[in-house]
Amino acid sequence: MKIAILKPDYGIHGGFERLLDEIARRLITLGHSISWRTVQSGHLSKSIFGTDVDESVYSLHPEFFRYASFVDQFSEVDCSRADLVLSSQPPSFAVSHPRHLSIFYHHCRIFYDLADEFAAHFPYPEVHAAAVTAVRQLDTPLLECVTHFLAGSNDVAARLRTYNGLSDNVTVFSAGSIFGGGQTVLEKRPPSRESGGEFEQVLCVSRHEFPKRTELFAHAMACAPELPGVSVGTGGQRDSVMAISGNLTKTDPWTVNSGPLWHGRANLVPTTPIPANVRFLTNVSARELDYLYRNALCVVAPSLKEDYGLTAVEAMSYGKPLIVCSDGGALTEFVEHEVSGLIVEPTGQAIAEACRRLAQNPDMARQLGQAALQKSLHYTWDQAERQLVQAIDRVMS
Amino acid sequence: MTPDEQLAIETINNIAERRSSPIEMSSNTANVIQPPTAVATPTVAHRIARKGKRIALKFVRACTRRIFSYIVSRLAVFAEQHPTWTSLKVQLGVLDVTMIDLQQQIEDLGVQVKELQVRCIAIGSDGPPSA
């Protein structure tokens, strides 16, 4: 079949992009031909559905107007020659096609499940309230035209049910680890140091963006300066997170309230040197990331209401215990507290205490890591491929 | 609220309403119509393209009874607005109504249908788009 994959192009190649690459690779292996249809964020128009948007108005809520422009442009994408379209990030589901499968990992979350968190510090709350209503008005009829959804997790499926009343045509898609070409890392990696024994760092692999909440990792590392920490990732908030990390050296981090650190979302500029125990890395090669995983004590995933948690699956496949937050959404589906990882309150202090607990109890860290490894075996690409093929069959039938 | 904020809200609402409202069909341009928001679960979508005198409507999901009612109501409006049309070609993603049903329902609304072609898009009968 001819399958068109639709995706907004934000100019980054993160975890979700690698997931789509793996899906495309598997579809090609199954004999399908793939074409990519993208809309680039840099090419968005400020005339949206025939409404010209002044710069002064646009600047009051660029997130909304950018999203609406994406909707406009995806609505115009002609996929008539494709046998099936596979939409991905929102609002690529705006494409019109009779056989439409959506790999659905999230809505545009600041207009849905993160609307309140976003509005709490947005300077124009009434504008945001109007935008929330408008986005849902835009999305609802489009989502209802999707033939079938592969939801990234039970959490995501629940959101489709809550916000859109969709459940009959929704099944859950459990992607495997994407690091290492989509194969189980366990099968490929060289012998590693045992978890909880000698280790080199506490690891956090995440983009520095609003819901990822890497500020909590910076805070935790400030609270536990004896533990080396490595953050891997890029993102719009990276400078701010580094600035927070440096600023925390000037105070007692145990007295700092974590909430304002990430709620503020200020565009800070690092002026104070970051603590010696923390490194912020970007553009890490696969080989380097493999090394970091193998030699990690544990992996911290501090996200708020995560959709799935590709990093979590990777960490588990390395036999590393996960530390996630109680409001981590789908991340908490991976972790059974004190069995395969630790679920803690969303504060830097709680994460620091959990890291120390593992560092001081190597046997515990080893046991949690082994349980995590066993859990990771449930998330394989062979299983994901079966789910994908079943969904395609449903769409085509 | 500042005038700029008020203008932003008006612009946002305008964009949402433009997208959600049916657009008057032009005789020589392709249009996208959306069902009115007042219609519950308007699952149909709806690219309408005009090619000569033949109008193709594509509805992209299984045709439930409620959607079917919506399709009928829209066809009735179009037919009233464009009495010179000689045929309507209706394509439904999955068809569980017959052509006679469709024609009858439109005529029940008081609209005379001169010719109505209903074609089911199905792999095997119509062939896939790549065929």
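This is a predicted model: local features need pLDDT of at least 70, side-chain atom pairs count only at pLDDT 80 or more; totals for chains, interfaces and linings use all residues.
**Chain A at a glance**

Helix α12(A) makes a left-handed crossing as it passes α15(A).

**The α12–α15 crossing**

- The two helices involved are α12 (residues 310-317) and α15 (residues 362-376) of chain A, with axes that come within 7 Å and cross at roughly 115°.
- On the α12(A) side the contact is made by V313(A), M316(A) and S317(A), which meet A372(A), L373(A), K375(A) and S376(A) of α15(A).
- Sorted by class, that contact of α12(A) with α15(A) has four nonpolar, two polar and one charged residues.

**The six-stranded sheet**

- Chain A has an open sheet of six strands with parallel pairing, in the order β2-β1-β5-β6-β7-β8.
- Each of β2 (33-40) and β8 (170-172) of chain A has a single partner strand, so one side of each goes without a neighbour in the sheet.
- From one strand to the next, the twist averages 20°.
- Over at β2(A), strand β1 (residues 2-9) of chain A pairs with it in the parallel sense over eight bridges.
- Take I3(A): its bridge partner in β2(A) is I34(A).

**What lies across the sheet**

- Helix α16 (residues 381-396) of chain A lies across β5 (84-87), β6 (100-104), β7 (148-151) and β8 of chain A.
- Relative to β7(A), α16(A) runs at about 165°.

**Contacts along the chain**

- Among chain A contacts with a separation of 6 or more, 72% are between residues 24 or more positions apart.

Definitions and conventions. Residues are numbered from 1 along each chain as its sequence is written. Chains are lettered from A and ligands numbered from 1 in the order in which they are written. Two strands pair if DSSP finds at least two bridges between them. Helices (H or I, at least four residues) and strands (E, at least two) are DSSP runs, numbered from the N terminus. Axes are lines fitted to C-alpha atoms, for helices over the stretch in contact, and angles run from 0 to 180 degrees between N-to-C directions. Two residues are in contact if their C-beta atoms, placed from the backbone, lie within 7 Å. A crossing is left-handed if the near helix is turned anticlockwise from the far one by less than a right angle, and right-handed if clockwise. Ala, Val, Leu, Ile, Met, Phe, Trp, Tyr, Cys and Pro count as nonpolar, Asp, Glu, Lys and Arg as charged, and the others, Gly among them, as polar.
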